[in-house]
Amino acid sequence: MVLDDQGEVIEILSIGSDITDRIQAEEEIRRLNDDLRQHAAVLEQRVADRTAELVIARDRAESADRIKSAFLATMSHELRTPLNSIIGFTGIMIQGLAGPLNEEQQKQMRMVQGSSRHLLALINDVLDISKIEAGQLTLAFTAFALRPAIEKMVGLVSPLAEKKGITLVLDIADDVATVTSDQRRLEQVFLNLLNNAVKFTDKGQIRISCRRDNGHYRLSVSDTGIGIQPEELPGLFQPFHQIDTGLSRKHEGTGLGLSICKKLMDMMGGTIDVQSRWGQGSTFTICFPRQAGDLS
Amino acid sequence: MSETLLIIEDNPQNFYMMRFLLEKNGFTVIGVENGREGIEKALTLKPRAILLDIQLPEMDGYAVAEELTKHGELGDVPIIAVTSYAMVGDRERILAAGATGYIEKPIDPETFVAEIVQYLADGCGHLEKRQ
């Protein structure tokens, strides 16, 4: 302050700064913060809404899964029960337990039984593929000895192989020991390959070999059968594929076997491959981990 | 004097098949269709063995087995489960419920009786199914 002779204030000097910009900036920040808070509240609400929607969708999906699972389990039981009756009673009659059968009756009973077994195989395949497609097929892992499992499956096809005059050769390496996998499903795949080999071979041999390959086992079924045309190979592991060789009527099959094998091998963390020469034979090879079950 | 077997089975054709095969081999067979009746019959009859279908309506096979094993007087009556469940976990469950062993459906008419006879010879206790 500047004073005159009488002590009256003449001027007031002050050093000031123009704080308009600063005030405006602070206002802006306050406004942006409020906007931000509002947006955050809106987003939070949206997230809450979306989460609620997803919970409903998830519950619906789980419920649908349970319905599918129950359906497949029921169908499995309902379809197999009457068939087991047919197969069982024809078995009893064929054994002569319900009285002697004449030759013609025996023959026709065997045809009924054969057809019933074929129907059962079809039902099993259709149920398997349905379960796989519905994501309802689960594997159960146990440790088991591989050699006896292979031998058991080979034993199942030897009567038919013998009847056809086909030699079965087992070539299992000495270090083939235990495997941790789904025994039932692995055996299902071996048996499928063996059945195919016997089906499509009229003479010669079928060689079953098994080797250890680091953390895997490699099993091949090699036959001297009619082989597969190169153009058939890509579609071989697709469902409903059955090679039409003109002989297909002789080869009863479901057309699902190899696609089920492929899916099962995939689920086990393994692979299935084929090599074939038309007129010479085919070799199907499966490769699977010695310790399945470390899969998520 | 033939031995009596009690069969708890709700499917008439399955029951007929089992009874046919067992009677042919000298057994006397009594059958009931549900679990509760089965438990009552077991207590009054004290059969040589009980064949129990696992897939029963109402009171299921596991519950029946558990109930049967609670009765001390049936301690030496083997319970043989008849089941289409072949999965590893189910086998354990059946044995844990008190079954001595199990026979897999579909029943194989050629081996069914021999399997039963084997279980009878083995007596009670937890035994794995013969391969």
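Tutor: Let's start with a term: a crossing of two helices is left-handed if the near helix is turned anticlockwise from the far one by less than a right angle, and right-handed if the turn is clockwise. Keep in mind that we're looking at a predicted model.

Student: Okay, which hand does the crossing of H3(A) and H4(A) have?

Tutor: The crossing of H3(A) and H4(A) is right-handed.

Student: Which residues do the touching between H3(A) and H4(A)?

Tutor: On the H3(A) side they include A:Leu146, A:Ile150, A:Met153, A:Val157 and A:Leu160. From H4(A), they meet residues including A:Leu186, A:Phe190, A:Leu191, A:Leu194 and A:Val198. By class, this contact of H3(A) with H4(A) splits into 14 nonpolar, two polar and four charged residues.

Student: How does H4(A) pack with helix H5 of chain A?

Tutor: H4(A) and helix H5 (residues 257–267) of chain A make an angle of about 145 degrees, and their axes are 10 Å apart. Their crossing is left-handed. H4(A) contributes residues including A:Leu186, A:Val189 and A:Leu193, while A:Leu258, A:Ile260 and A:Leu264 are among those from H5(A). This contact has eight nonpolar, four polar and one charged residues.

Student: Let's turn to chain B. What does its fold look like along the sequence?

Tutor: Chain B reads β-α-β-α-β-α-β-α-β-α, with a total of five helices and five strands. Of its 131 residues, 48% are buried. Take the contacts in chain B between residues at least 6 apart in sequence: 63% of them join residues at least 24 apart.

Student: Why is B:Glu9 called buried?

Tutor: The relative accessible area of B:Glu9 is 3%. Buried means under 20%, so B:Glu9 qualifies.

Student: Where does B:Glu9 sit, and what surrounds it?

Tutor: B:Glu9 is in the loop between strand E1 (4–8) and helix H1 (12–24) of chain B. Leaving out neighbours within four places in sequence, its contacts include B:Phe15, B:Met18, B:Val32, B:Leu56 and B:Lys105. B:Glu33 is in contact with B:Glu9 too: the two are 24 residues apart in sequence, yet their C-alpha atoms are 5.1 Å apart.

Student: What does the side chain of B:Glu9 reach?

Tutor: The backbone nitrogen of B:Asn11, at 2.9 Å. The cut-off for a polar contact is 3.5 Å, and 2.9 Å falls within it.

Student: B:Asn11 is on chain B. Which chain A residue touches B:Asn11?

Tutor: A:Thr81 does, and A:Thr81 also touches B:Asn14. A:Thr81 lies in helix H1 (residues 20–94) of chain A.

Student: How do you know that A:Thr81 is buried?

Tutor: Its relative accessible area is 17%. With the limit for buried set at under 20%, A:Thr81 makes it. A:Asn84 is in helix H1 of chain A as well, and at 14% A:Asn84 is also buried. A:Asn84 touches A:Leu120, B:Met17 and B:Pro106, apart from residues up to four places away in sequence.

Student: What makes the peptide bond from B:Lys105 to B:Pro106 cis?

Tutor: Its omega is near 0 degrees. Most peptide bonds are trans. B:Pro106 is in the loop between strand E5 (101–104) and helix H5 (112–122) of chain B.

Student: What makes phi of A:Asn214 worth a look?

Tutor: Phi of A:Asn214 is near 55 degrees, a positive value in a residue other than glycine. Most residues other than glycine have a negative phi. A:Asn214 is in the loop between strand E6 (204–213) and strand E7 (216–223) of chain A. B:Lys46 has a positive phi too, near 45 degrees, and is found in the loop between helix H2 (35–45) and strand E3 (49–53) of chain B.

How values were computed:
Residues numbered from 1 in each chain as written. Chains lettered and ligands numbered in written order. Predicted model: local features only at pLDDT ≥ 70, side-chain atom pairs only at ≥ 80, totals over all residues. Heavy atoms only, no water. Helix = DSSP H or I, 4+ residues; strand = E, 2+ residues; numbered from the N terminus. Contact = heavy atoms within 4.5 Å. Nonpolar A, V, L, I, M, F, W, Y, C, P; charged D, E, K, R; others polar. Buried < 20%, exposed > 50% of the residue type's maximum accessible area, 1.4 Å probe, protein only. Polar contact = N/O pair within 3.5 Å; in protein donor to acceptor, adjacent residues only side chain to side chain. Axes fitted to C-alpha atoms, helices over the stretch in contact; angles between N-to-C directions.
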